[in-house]
Amino acid sequence: TQEATPFHVVLGSNNYGYPASQVQLISSVQGERFETRHSRLRYPECMSGYLEFVEFSGFLDSSAVAAMGGLVQNIKPCVRKNGSRAVSPVYMNSAQGELALGMQVGQWFKTQSIELVVTEGQLCESACAVAFLGASFKRVQATGRVVLHFNGELGRGLDCARSTDMMPFRSYLLSVKGNQSGQILYNQALTYCRNSKGWDLS
């Protein structure tokens with residue numbers, strides 16, 4: 001029988017990833033409720049020969065954001081031979097977290113040259129979905145899912161009846177999308193207030 005080639009599976013995915021021989025782990029942080037890694041992938045298009053990427057899986061709290069942020073800041077950009085820059089993927093799998101932190105991450109991701117990717121088997125809910133709305137570059141692959149809940153459950157969903165939830169959320173959308181698009185998106189969000197399944201952004 002042929003031995004399986006070692007494979008680097010992206011955190012929180014079932015089977016999406018890269019051949020292990022193409023990937024080199026640079027650093028990783030294991031928290032109490034999260035794990036995050038920074039790796040580089042052999043990528044001939046980049047002048048350095050590598051495209052760096054970050055993976056995150058777990059609960060989005062302040063220690064998780066600090067750890068992931070530290071790794072993202074250490075990403076060396078990929079400059080193609082023609083001088084253009086390739087955006088580095090940040091894979092996110094997170095179903096719970098502090099919504100205010102999701103807004104912080106989204107605002108930060110808007111300014112970074114990274115792409116928030118939710119890939120096969122990954123779930124991006126609550127704070128992660130809020131961050132997803134803010135990222136300039138984002139993509140959902142295969143069975144990945146991004147869902148924003150309005151069930152008011154702590155650490156999971158916004159409560160449409162709570163102005164302490166909705167006013168910052170509206171301000172956030174206006175700041176990351178501009179006044180007009182932000183308001184349109186906010187109005188769209190409000191239509192999901194009574195939807196138990198939440199707003200599927202994928």
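Q: Axes are lines fitted to C-alpha atoms, for helices over the stretch in contact, and angles run from 0 to 180 degrees between N-to-C directions. On that basis, at what angle do helix H2 and helix H3 pack, and how far apart are their axes?
A: In this predicted model, local features need pLDDT of at least 70, side-chain atom pairs count only at pLDDT 80 or more, and totals for chains, interfaces and linings use all residues. Residues are numbered from 1 along each chain as its sequence is written, and side-chain values use heavy atoms, with hydrogens and water left out. Helix H2 (residues 99-111) packs against helix H3 (residues 127-134) at about 25 degrees, and the axes lie 7 Å apart.

Q: Why is H2 called roughly parallel to H3?
A: Angles under 35 degrees count as roughly parallel. The angle of about 25 degrees between H2 and H3 therefore makes H2 roughly parallel to H3.

Q: Which hand does the crossing of H2 and H3 have?
A: The crossing of H2 and H3 is right-handed, a label for a near helix turned clockwise from the far one by less than a right angle.

Q: Which residues make the contact, and how do they divide by class?
A: Contact means heavy atoms within 4.5 Å. H2 contributes Leu99, Gly102, Met103, Val105, Gly106 and Lys110, while H3 contributes Ala127, Val130, Ala131 and Gly134. By class, the contact of H2 with H3 has six nonpolar, three polar and one charged residues; Gly counts as polar and Lys as charged, whereas Ala, Val, Leu and Met count as nonpolar.

Q: Which strands does H3 lie across?
A: H3 lies across S8, S9 and S11, and runs at about 125 degrees to S11.

Q: What makes S3 and strand S11 (137-140) the edges of their sheet?
A: Six strands form this open sheet, in the order S3-S4-S5-S8-S9-S11. S3 and S11 each have a single partner strand, so one side of each is left without a neighbour in the sheet. From one strand to the next, the twist averages 20 degrees.

Q: How do you know that strands S3 and S4 pair?
A: Two strands pair if DSSP finds at least two bridges between them. Strand S3 (residues 23-30) and strand S4 (residues 34-42) have seven bridges, in the antiparallel sense. Ser27 stands opposite His38 in S4, and a hairpin of three residues joins S3 to S4.

Q: What is the pairing in the sheet of six strands called, and which senses occur?
A: The pairing is mixed. S4 and strand S5 (residues 50-58) run antiparallel, joined by nine bridges, with Phe34 opposite Gly58 in S5. Strand S8 (residues 88-93) and strand S9 (residues 114-118) run parallel, joined by four bridges; Tyr91 has Val117 of S9 as its bridge partner.

Technical notes:
Helix = DSSP H or I, 4+ residues; strand = E, 2+ residues; numbered from the N terminus. Parallel < 35°, antiparallel > 145°, perpendicular 65-115°, else oblique.
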